[in-house]
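I wrote them in the order in which I checked each point.

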Amino acid sequence: QVQLVESGGGLVQTGGSLRLSCVASGSIFSLNAMGWFRQAPGKQRDLVASITRGGGIDYADSVKGRFIISRDDAKNTLYLQMNSLKPEDTAVYYCAAYPLSLGVWGQGTQVTVSS
């Protein structure tokens with residue numbers, strides 16, 4: 001029953017923007033912090049941004065000033081607005097529910113930024 005489904009990935013040029021969405025089951029989304037992670041080929045999966053139920057936000061240093069995480073609890077949706085995209089942002093982006101030990105992850109959405 002618990003599912004996270006990402007969408008919004010695609011191919012953009014350097015400097016472009018994308019908005020990722022993650023639709024979650026209500027029981028998880030309404031009670032838990034959520035996060036965006038990304039994984040490039042051959043690299044570890046790293047935290048991009050997280051947001052608590054109360055709206056507290058953390059960003060990886062690499063995306064500060066460029067990405068914005070937000071959540072709409074009424075719609076059970078998590079967002080990641082990505083601006084000023086760089087080739088190094090190319091990765092599969094995943095949303096996840098905290099605590100991560102729950103193992104609740106989306107299927108991932110590919111973001112490719114051309115140089």
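Entry 1, a term I need at once. By a polar contact I mean a pair of N or O atoms within 3.5 Å, where, within protein, one atom must be able to donate a hydrogen and the other to accept it, and where residues adjacent in sequence count only if both atoms are side-chain atoms. With that in hand I looked up Thr109, and I found a polar atom of its side chain 3.1 Å from the backbone nitrogen of Gly9.

I am working on a predicted model, in which local features need pLDDT of at least 70 and side-chain atom pairs count only at pLDDT 80 or more, while totals for chains, interfaces and linings use all residues. Residues are numbered from 1 along each chain as its sequence is written, and side-chain values use heavy atoms, with hydrogens and water left out.

I took helices (H or I, at least four residues) and strands (E, at least two) as DSSP runs numbered from the N terminus, and I noted one helix and 10 strands. From the N terminus on, I read the order as β-β-β-α-β-β-β-β-β-β-β. For the radius of gyration, taken over C-alpha atoms, I used the globule rule of 2.2 Å times the number of residues to the power 0.38; the chain has 13 Å, which agrees with the value near 13 Å for a compact globule of 115 residues. Along the principal axes, the C-alpha atoms fill a box of roughly 40 × 25 × 20 Å.

Contact here means heavy atoms within 4.5 Å, and among contacts between residues at least 6 apart in sequence, 54% join residues at least 24 apart.

I located Tyr93 in strand 9, residues 91-97, and at 0% relative accessibility it counts as buried. Which residues does Tyr93 touch, not counting residues up to four places away in sequence? My list includes Glu6, Leu20, Trp36, Arg38, Phe67, Met82 and Thr109. With Arg38 there is also a polar contact of 2.8 Å between the two side chains. Asp46 is 47 residues from Tyr93 in sequence, and I read a C-alpha to C-alpha distance of 9.6 Å for the pair.

Thr109 is found in strand 10, residues 109-114, and is buried with a relative accessible area of 11%. Leaving out residues up to four places away in sequence, I noted that Thr109 touches Glu6, Ser7, Gly8, Gly9, Leu20, Ala91, Val92 and Tyr93.

Gly35 belongs to strand 4, residues 34-39, and is buried at a relative accessible area of 0%. Beyond four places in sequence, the residues that Gly35 touches include Ala49, Leu78, Cys95 and Tyr98. Tyr59 is 24 residues from Gly35 along the chain, and I read 9.8 Å between their C-alpha atoms.

As a reminder to myself, most residues other than glycine have a negative phi, and most peptide bonds are trans. I found the peptide bond from Tyr98 to Pro99 to be cis, with omega near -5°, and I place Pro99 in the loop between strand 9 and strand 10. Asn76, not a glycine, has a positive phi near 50°; it lies in the loop between strand 7 and strand 8 and is partly exposed at 22% relative accessibility. Ser84 likewise has a positive phi, of about 50°, and I located it in the loop between strand 8 and strand 9, where, at 41% relative accessibility, Ser84 counts as partly exposed.

Methods: Buried < 20%, exposed > 50% of the residue type's maximum accessible area, 1.4 Å probe, protein only.
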